[in-house]
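Me: Could you take a close look at one part of this model for me? I'd like the sheet, with a bit of context around it.

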Amino acid sequence: MTDANVSKDVAGRAAGSRGSTGSEGPGGSARPDQGFFAELLAPVAGFGVSFSTMFRKVATEEYPEKPRPTAPRFHGRHQLNRWPDGLEKCIGCELCAWACPADAILVEGADNDDTPLEEGGTGRFAPGERYGRVYQINYLRCIFCGMCIEACPTRALTMTNFYELADNDRAKLIFTKDQLLAPPEDGMLTPPFPMAEGRSVRDYYRGKVESPTEGQREYVQQRDAGAQTDHPSATTGEGATP
Ligand code: SF4
Ligand code: SF4
């Protein structure tokens with residue numbers, strides 16, 4: 001098309017546009033006549049949507065007054081678990097820390113020590129050779145992917161449904177072992193104390209240890225009654241000198 005033809009075409013369209021009335025659409029087709037009452041009510045028609053919504057079921061969640069339960073497999077805050085006698089499941093292997101894509105976990109393992117505490121022993125916190133002496137999760141980094149709990153060979157680390165992890169202090173979002181360790185359930189003892197008499201590490205994994213033994217109870221009673229309670233590792237073991 002030449003420049004002259006283009007000019008004529010544009011001028012023709014402009015003339016057509018000027019000649020159209022307000023009742024024609026963009027393509028030149030006429031809109032149906034809405035009638036007097038329809039045009040009268042048009043400005044308030046939008047309120048009908050609001051009015052009808054008033055009678056629908058309210059979807060608003062009253063959080064935090066009435067938080068809704070999460071899905072059963074929701075990935076929330078972590079938890080370090082215990083054996084039925086109260087010993088810790090974590091063996092300080094650091095596999096969770098290596099698996100974490102966000103580098104959010106810090107683990108320092110240490111040797112369990114059956115030397116009596118009054119003779120300088122640091123105590124036993126888990127069956128077997130090692131335990132997690134230091135354990136931290138940085139919730140400023142964690143993306144709740146669950147890779148760490150998949151990597152854990154002892155099921156020491158699992159995730160709870162707890163999700164209220166906001167704070168205005170960054171330091172408070174680095175959870176330490178004493179915060180992550182599950183509190184002892186009814187009947188459990190608080191480490192350090194020896195393994196169940198006559199039981200091996202494998203027996204723990206086979207589920208043959210179902211509660212503290214009499215020997216373990218007596219040990220803990222004597223420990224708590226005596227000078228051993230002054231030992232710095234008498235609760236969780238975090239901070240104890242290996
Ligand atoms: S859930 Fe994922 S990001 Fe969070 S600590 Fe575990 S591996 Fe790391
Ligand atoms: S939580 Fe599991 S993977 Fe992590 S250090 Fe402890 S035993 Fe190892």
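How many helices and strands does the secondary structure of the protein come to?

Reply: It comes to 7 helices and 5 strands, taking helices (H or I, at least four residues) and strands (E, at least two) as DSSP runs numbered from the N terminus. Before we zoom in: this is a predicted model, where local features need pLDDT of at least 70 and side-chain atom pairs count only at pLDDT 80 or more, while totals for chains, interfaces and linings use all residues. Residues are numbered from 1 along each chain as its sequence is written, with chains lettered from A and ligands numbered from 1 in the order in which they are written.

Along the sequence, the pattern reads α-α-β-α-β-β-α-β-β-α-α-α. Now the sheet: 3 strands make an open one, ordered β2-β3-β5, with antiparallel pairing. β2 (105-111) and β5 (174-175) sit at the edges with a single partner strand each, so one side of each has no neighbour in the sheet. Two strands count as paired if DSSP finds at least two bridges between them, and β3 (residues 130-138) is joined to β5 by 2 bridges, the two running antiparallel. Across that pairing, asparagine 138 stands opposite isoleucine 174 in β5. In general, strands of a sheet pair through backbone hydrogen bonds, either parallel or antiparallel.

For the wider context, take contacts (C-beta atoms, placed from the backbone, within 7 Å). Among those between residues at least 6 apart in sequence, 72% join residues at least 24 apart.

Conventions:
Two residues are in contact if their C-beta atoms, placed from the backbone, lie within 7 Å.
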